[in-house]
Amino acid sequence: MNWLSDLDPQWGWLALGLILACAEILVPGVFLIWMAGAAVIVGLLVWFVPMAVPLQVVLFVVLATASVFIGRRYLKDHPIVGADPLMNRRGARMVGEIATVTEAIEDSSNGRVHLGDTEWIARGVVAPVGARVRVTGSDGAILLVERA
């Protein structure tokens, strides 16, 4: 265990930074990467400016706290937008599409419409079989329609 005390502290900080960066990949959320950056900064700083270990820990705590708050603020002001926000919302993707009624839509009951290669349950205006309707929204797996 004597080899552990012979190690330079900057290697410990750089290793901690690498471990935290790897943990960020495994743990969902953007939190550990800011602490990893603080550890790397402390490691690089200790490499060039020798300082006592308690000062290194205080510096890490201050940098980690500041970087987490700055990072959260940055992400709040610049949110990450997905490439396709409607990816898992099939009904919302259909808004504006024209469908053909295959089972009449009555006042108090749902009908069915054919859209693409699928039949959907639909609710909305009264429409006979064969009528064309436009999708205006969805309620779960039920399409909301109006006259086209």
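**Exercise 1. Find what covers the buried residues of helix H4, and list those residues.**

Solution. The cover of the buried residues of H4 includes helix H2 (9-26) and H3, where helices are DSSP runs (H or I, at least four residues) numbered from the N terminus. This is a predicted model, in which local features need pLDDT of at least 70 and side-chain atom pairs count only at pLDDT 80 or more, while totals for chains, interfaces and linings use all residues. Residues are numbered from 1 along each chain as its sequence is written, and side-chain values use heavy atoms, with hydrogens and water left out. Buried means under 20% relative accessible area, exposed means over 50%, and partly exposed lies in between (1.4 Å probe, protein chains only). By this rule the buried residues of H4 are Gln56, Phe60, Ala64, Ser67, Val68 and Gly71.

**Exercise 2. Decide whether Ser67 is buried or exposed, and name its contacts beyond its neighbours within four places in sequence.**

Solution. Ser67 lies in helix H4, and its relative accessible area of 18% makes it buried. Contact means heavy atoms within 4.5 Å; once the neighbours within four places in sequence are set aside, Ser67 touches Trp34, Met35 and Ala38.

**Exercise 3. Describe how H3 packs against H4.**

Solution. Two packed helices are described by the angle between their axes and the distance between the axes. Axes are lines fitted to C-alpha atoms, for helices over the stretch in contact, and angles run from 0 to 180 degrees between N-to-C directions. For H3 (residues 32-48) and H4 (residues 53-77), the axes come within 8 Å and cross at roughly 140°. H3 is therefore oblique to H4, because angles under 35 degrees count as roughly parallel, over 145 as roughly antiparallel, 65 to 115 as roughly perpendicular and the rest as oblique. The residues in contact include Trp34, Met35 and Ala38 of H3 and Ser67 and Val68 of H4.

**Exercise 4. Describe how H2 packs against H4, and name the residues that make the contact.**

Solution. The axes of H2 and H4 are 12 Å apart, and the helices pack at an angle of about 25°, which means that H2 is roughly parallel to H4. The contact is made by Pro9, Trp13 and Leu16 of H2 together with Gln56, Val57 and Phe60 of H4.

**Exercise 5. Check the span of H4 against its 25 residues.**

Solution. The expected span of a helix is 1.5 Å times one less than its number of residues. The 25 residues of H4 should therefore span 36 Å, and its end C-alpha atoms are 36 Å apart, which agrees.

Conventions. Helices (H or I, at least four residues) and strands (E, at least two) are DSSP runs, numbered from the N terminus.
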